[in-house]
Amino acid sequence: MILLLVLISLVVFATMSMRESPLWQWGAAFVIIGLLSGLDFTQAGAIYRLGWFAFVLIGLGAVLLVLAVRPLRMALLLPPIYGAVKSILPRVSRTEQEALDAGTVGWDAELFSGRPDWDKLMKIRPLTLSAEEQAFLDNETEIACRMIDDWDIRHNRADLSPELWDFLKTKGFLGMLVGKEHGGLGFSAQAQSMIVSKIASRSVAAGITVMVPNSLGPGELLEKYGLPEQKEKYLHRLASGQEVPCFALTGVHSGSDAGGMRDIGVITKGMHEGREVLGVRLSFDKRYITLAPIATLVGLAFLLKDPDNHLGRGEDIGITLALIPHDHPGLDIGRRHYPARQAFMNGPVRGKDVFIPMDFLIGGTEYAGQGWRMLMECLSTGRAISLPAIGTTSIKATLRATSAYARVRRQFGIPVGIMEGVAEPLGEMVKRAYMFEATRRLTASMVDEGQRPAVIAGLLKYTTTEAMRDSMDDAFDIQGGRAIQDGPGNYLFGAYQALPVAITVEGANILTRTLMTFAQGVLRAHPYLLSEIQAAQNKDKKAGLAAFDLAFGGHTKFMLRNIVASFLHGLTNGAFASTPNEGPMARWYRRLHRYAQDFALVADWTTVVLGGALKRKQKLSGRMADLLGELYLMSATLKRFDEEGRIEEDRELVDAIMTDRVATIERLFGEVFANFPNPVFANAMRFLCFPLGRHARRASDRVNYRFARAVLRPGAFRDRLTTGVYMTNDPDDVTGVLEDAFIKVTEAEEIEARFIKAARKGVFERRLDRDAIDDAVAAGVLNGNEAGIMRAADEATERAVHVDDFEMDVLKETPPRAAAE
């Protein structure tokens, strides 16, 4: 009876936890179980006797029933808890609150919840382009790509060619986000992402040039917040390329720390166009501003002060945004920077006591002081499009070039790509290409549906650019000397040089990963935490206590459910977790649900236990951000496989990606537990999430080798992995020479095998002083037609593996003179 009662109690409590039952039901359950525990069947017939344990249960139940009455709970229980929690929870600054308000939560909130609603993922639109967008991608974008000569851009000009500049401006590349009513293209986020991707596959500098005006720039700010007269004045000119915009945010003494901004504007009266008007006197010093050296219109962020209270809001107005023509008196656009020797324009913007009228403020005085929120809203969407697009296309483009080279280049008589040591990184490049294209598509679609996925945008920015770095390193390892010898024929070095730019801009990866992603994510996406913090910071104690009661009650039920659900999923390895369908990926959806549940528990406890110290525990925060990233990568990859029709050829690849992600997730959880500052909670989380231990392993060498072999052949599999990059078979093109050789070598494969076999048997010798193909024909190994195919493959291979060389004095140049800052 005791064992039966214990079993019934566990089932009841587990069920109530999973259902997030209200407090009165918990109280009633304790009372009923306490009363049942008084039954004694050890004698003949039932005897009822209440022991001490029964009294404890009944007493606890009675207390819970009393506390279920809200007025009593508010009077007796909440005040001490409210005070304790208030001292623990982190405070949210004004700039943090504005950043939180700027973005929206979507699928990230489902992952934080621990029980994802699959409908929300499945209903996000698949990759969709309008007929107009597809035509632009197929025509204007293709033409722009053909016009790009990356060596000329980065070595000879340190700039785009005048013809390319003119084409990008007149065809609307710089105004893709500007609405049609203002003369812009009005393209979707998906289209912008794909256009930037294709251009960046030819030249990172050209990709960045197109990206910046369509990411964080005056155009988007004017579209959303501009006064009618500001829109009328500037948007058409921005869309047609008559105005080239830049936006000056990063200061000499403040980067990601907006609160440390020293750029100041003071509201006062001054002279403008010959008359005295109310305006702002500005002093600012900005740097690293892309397009600044050629900008005709400068967006500027600064702290606005109003000591004379002209606006009636007190002295401290807050971060404010303005638009200033490049030739405005006092505005100084300095000499250009040269980031990582990249040709895109970048430089400082300065000013001392620059006076601007109030109508230069974006949105006018109504939006004065709301600049940080405005920037975060634009950044949350632009960031979701820009760097993920460039990072993803770099991953795909390096795979396409490297797979071709690994098939064409031979060592020890075989293509280098089939050697296990080379196939290992090549297989990893395959998995990255599929996975990160999936995330690019999904995130752009979120933006097109009106979301502002700030947390996912930051997450994707650092994960994609880090993956880009890994793929580029793998490409250099495989291609060796062909990769490092720079010149007109090098298709990797420009992108390699640009890697540090992608890693550091729009929030350096270190800070994005360790300080921002999880800390902001848990505040935005946790179902109750932000409400608790806001209640704790409410200056009206009575209202704060009432709001806290609702949030704390929900949080308590959420925590109980997490405990039970994590333990049960850990025991069953997610066997009973949910899945959106029973297709071939159902088991992986269930594993995703299981690990999302574990993440919800660990994220919740990490925030509650560490409180305000979370901002200082940046290694731990970084690992939690990595966990969220792995869950998002799994989500996007599974969704892509379903949306593309569950292509059987891709099934093993998706299985391998999921296997790797699960192994990485379990490793990251282990690192969180091992480094958690409170050992009691660390061991409790370890037991609840992994009661049977962590046993996941990455995909096997045998499986990964098959991916490398598959991408060494032309076909739909390779094309799907590298979709969206610029492709040509033109042997006179920097990457077309590889594709040309790849096709010709593959066509000659059977002939080549027979040729090499005969050479190894000594039928003829391969020597520089003889034509081995003629010898093979003479020996009867090849006929005339086969010899022609073999010769074409050999000649194409020679062109593909060729590296540039230079006259001794050609590369000499006078180093550019740099001004001391």
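Helices (H or I, at least four residues) and strands (E, at least two) are DSSP runs, numbered from the N terminus. This is a predicted model, in which local features need pLDDT of at least 70, side-chain atom pairs count only at pLDDT 80 or more, and totals for chains, interfaces and linings use all residues. Residues are numbered from 1 along each chain as its sequence is written, and side-chain values use heavy atoms, with hydrogens and water left out. The protein chain has 34 helices and 11 strands. Its radius of gyration (taken over C-alpha atoms) is 31 Å, close to the 28 Å from the globule rule (2.2 Å times the number of residues to the power 0.38) for 821 residues, so the chain is as compact as a globular protein of that length.

**Overall chain**

- Along the principal axes, the C-alpha atoms of the protein chain fill a box of roughly 110 × 85 × 45 Å.
- Of the 821 residues, 56% count as buried, where buried means under 20% relative accessible area, exposed over 50% and partly exposed in between (1.4 Å probe, protein chains only).
- Taking contacts (heavy atoms within 4.5 Å) between residues at least 6 apart in sequence, 76% join residues at least 24 apart.
- Helix α23 (residues 529–536) is mostly covered, with six of its eight residues buried.
- Those buried residues of α23 are L529, L530, E532, I533, A535 and A536.

**Cavities**

- On a 1 Å grid over the protein atoms alone, a cavity is a set of points where a 1.4 Å probe fits but cannot get out, and a pocket is an open set with protein on both sides within 12 Å along at least five of seven lines; lining residues have an atom within 4 Å of a point.
- Grid points are joined across faces, edges and corners, and a volume is the space filled by probe spheres set on the points.
- Four cavities of 30 Å³ or more are present in the structure.
- The largest cavity has a volume of about 70 Å³, and its lining is made up of R125, P126, L127, A438, R441, L442, S445, A636, K639, R640 and E643.
- Helices α18 (420–448) and α26 (618–643) each supply at least two residues of that lining.
- By class, the lining of the largest cavity holds five nonpolar, one polar and five charged residues (Ala, Val, Leu, Ile, Met, Phe, Trp, Tyr, Cys and Pro count as nonpolar, Asp, Glu, Lys and Arg as charged, and the others, Gly among them, as polar).
- The second largest cavity has about 50 Å³ of space and is lined by Q192, V196, M211, N214, S215, G382, I385 and S386.
- Two or more residues of this second lining come from each of α13 (189–200) and α17 (371–408), and α17 gives the largest share, three residues.
- The lining of the second largest cavity has three nonpolar, five polar and no charged residues.

**Second largest pocket**

- The volume of the second largest pocket is about 710 Å³.
- Its lining counts 44 residues, of which R202, Y491, D733, V734 and T735 are the closest to the pocket centre.
- Elements giving two or more residues to this lining are α11 (150–157), α17, α21 (493–504) and α31 (736–747).
- The largest share of the pocket lining, six residues, belongs to α17.
- The pocket lining comprises 19 nonpolar, 13 polar and 12 charged residues.

- Strands pair if DSSP finds at least two bridges between them.
- Strand β4 (residues 264–272) pairs with strand β5 (residues 275–290) in the antiparallel sense over nine bridges, and H272 stands opposite R275 in β5.
- β4 and β5 form a hairpin with two residues between them, and E273 in the turn has a positive phi of about 55°.
- β5 also runs antiparallel to strand β9 (residues 346–357), joined by nine bridges, with D285 opposite R350 in β9.
- Y288, in strand β5, is not a glycine but has a positive phi of about 65°; at 48% relative accessibility, Y288 is partly exposed.
- D353, in strand β9, is a residue other than glycine with a positive phi near 55°; its relative accessibility of 44% makes D353 partly exposed.

**Residue A295**

- A295 sits in the loop between β5 and β6 (297–305) and counts as buried at 4% relative accessibility.
- Not counting residues up to four places away in sequence, A295 touches V244, P245, C246, H326 and I333.
- A295 and P325 are 30 residues apart in sequence, and their C-alpha atoms are 8.8 Å apart in space.
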